[in-house]
Amino acid sequence: RTIRLLTGERNRSDTILRSMVEGVAVIEPQQKIAFSNDAFCQALGLRGLPCAGRLLVEVTRQSGLLEIVQQALANRQDVISEIEMNTTPPRTFSVTAAPVPMGNTTGVVVVLHDISDIRKLERMRRDFVANVSHEFKTPLTAIQGFAETLLEGALEDKQNSRRFLEIIRDHAVRLGRVTSDLLKLSLIEAGR
């Protein structure tokens, strides 16, 4: 009965680990992979190839991952970092390596969480902010320049003052459109 209970518990744990979308591997002190789920092998770019039973250095040349595992084994402390895998397409992973007792020695449990989409969104947001800043800066600079020109005496020049005021108005309208577009994007992002 005890054997059945232990076997059932092991099978349940194995099923849970294999069904996870995060890559999970248990690395022995000699850096041999004792266990890995399919997501771990796929993260390394090994579709359909088993990782378990092989040395970590055999299945990946990702120096960042190897260093993280070595550091966790040497210091027997959790190591949390990010690495970019040279897969096609390149993927970014948050890596957690935690020491785990293995009899008289200590191995490492490695969890790979794919954060590529998060990093892509962050880059898009940075680019968006840079573009919006440019869209605001250009008309604001023109408005400021023409307003200063008018204040410094061009107001008396009827022909140029009218043209300058029209330019200021046009740039103010442009700023209004950009602001309106930003508000619409904000509402879309909020789900309204």
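Let me begin with a strand pairing: β1 and strand β2 (residues 33-36) run antiparallel to each other and are joined over 3 bridges. Helices (H or I, at least four residues) and strands (E, at least two) are DSSP runs, numbered from the N terminus, and two strands pair if DSSP finds at least two bridges between them. The model is predicted, so to speak of local features a pLDDT of at least 70 is needed and side-chain atom pairs count only at pLDDT 80 or more, while totals for chains, interfaces and linings use all residues. Residues are numbered from 1 along each chain as its sequence is written, and side-chain values use heavy atoms, with hydrogens and water left out.

To continue with this hairpin, 5 residues lie between β1 and β2, and glutamine 31 in the turn has a positive phi of about 65°. Valine 26 stands opposite phenylalanine 35 in β2. β1 also pairs with β5, in the antiparallel sense, through 5 bridges; there, glycine 23 has leucine 112 of β5 as its bridge partner.

How many residues of β1 are buried? The count is 5 of its 5 residues, where buried means under 20% relative accessible area, exposed over 50%, and partly exposed in between (1.4 Å probe, protein chains only). In a regular strand the side chains alternate between the two faces of the sheet. In β1, Gly23, Ala25 and Ile27 point one way and Val24 and Val26 the other, and all are buried.

I turn to helix α4 (residues 63-75). Its 13 residues, at 1.5 Å a residue, should span 18 Å, and the end C-alpha atoms are 18 Å apart, in agreement; the expected span is 1.5 Å times one less than the number of residues. The buried residues of α4 are Leu65, Leu66, Ile68, Val69, Ala72 and Leu73. Seen down the helix axis, these buried residues fall within an arc of 160°, and therefore line one face of α4; the arc is that of the directions from the axis to the C-beta atoms. They pack against β1 (23-27), α3, β3 (79-85), β4 (91-102) and β5 (105-114). Just after α4, arginine 76 takes a positive phi of about 50°.

Next, the nonpolar cores. Such a core is a set of buried Ala, Val, Leu, Ile, Met, Phe, Trp, Tyr and Cys residues joined through side-chain atoms within 4.5 Å. The largest has 26 residues, of which Phe40, Leu56, Leu65, Val110 and Leu112 touch the most other members. Its largest share, 6 residues, comes from α4. Leucine 56, leaving aside neighbours within four places in sequence, is in contact (heavy atoms within 4.5 Å) with Ile27, Gln31, Ile33, Phe40, Leu65, Leu66 and Val69.

A search of the whole structure finds 1 disulfide, that is, a pair of cysteine sulfur atoms within 2.5 Å. It joins cysteine 41 to cysteine 51, with an S to S distance of 2.3 Å. Cysteine 41 lies in helix α2 (residues 38-43) and cysteine 51 in the loop between α2 and α3 (56-59). Both cysteine 41 and cysteine 51 are buried.

The C-alpha atoms of leucine 6 and glutamate 152 are separated by 88 Å.
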